[in-house]
Amino acid sequence: MSSERKNKVISKLFSGFIQIHILRHASKGELYGSWLIEHLQSHGYTLSPGTLYPLLKRMVSDDLLTFAEKNVDGRIRKMYQTTALGDEVLKEAETKIKELAKRYL
């Protein structure tokens, strides 16, 4: 497998991990994109705004997240939070992660 093809496959897998991570944090309270980029970097994921914001938009259109524009320190930010469906999906994903971890760890 070429390294370019391998990177595309890994990128697809990491996209799912990132979405679960987003749901987890958005279920605990509102978050915004630039905070999320910095936070994900601390976990080893490097995302550009051009990658993250379309992902967030897709998650909103899939009814996993809601957003509201809010004034935060004089800046208008899109604040994201999970929907009821997002919470359900997160709960199921966490169950699957635990099952998978038991098999491999």
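**The sheet and its surroundings**

Guide: The protein exposes about 7,500 Å², of which carbon and sulfur atoms supply 52%; accessible areas here come from the Shrake-Rupley method with a 1.4 Å probe, and for residues only the protein chains shown count as cover. This is a predicted model, in which local features need pLDDT of at least 70 and side-chain atom pairs count only at pLDDT 80 or more, while totals for chains, interfaces and linings use all residues. Residues are numbered from 1 along each chain as its sequence is written, and side-chain values use heavy atoms, with hydrogens and water left out.

Four helices and three strands are present in the protein, and from the N terminus on they follow the order α-β-α-α-β-β-α. Both kinds of element are DSSP runs numbered from the N terminus, helices being H or I with at least four residues and strands being E with at least two.

The three strands form an open sheet in the order 1-3-2, with antiparallel pairing, where two strands pair if DSSP finds at least two bridges between them. Strand 1 and strand 2 are the edge strands, each pairing on one side only.

On one side of strand 3 (residues 75-82), strand 1 (residues 31-32) pairs with it in the antiparallel sense over two bridges. Leu 31 stands opposite Tyr 80 of strand 3, and Tyr 32 has Met 79 of strand 3 as its bridge partner.

Helix 1 (residues 3-28) packs on this sheet, touching strand 1, strand 2 and strand 3, and its direction makes about 100° with that of strand 3. Contact means heavy atoms within 4.5 Å; axes are lines fitted to C-alpha atoms, for helices over the stretch in contact, and angles run from 0 to 180 degrees between N-to-C directions.

Turning to strand 2 (residues 65-72), eight bridges join this strand to strand 3, and the two run antiparallel. One of the facing pairs sets Asn 71 opposite Ile 76 in strand 3. The hairpin of strand 2 and strand 3 has two residues between the strands, and in this hairpin Asp 73 takes a positive phi near 50°. Helix 3 (residues 49-61) lies across strand 2 and strand 3, running at about 125° to strand 2.

For the setting as a whole, the C-alpha atoms of the protein fill a box of roughly 45 × 30 × 25 Å, taken along the principal axes.
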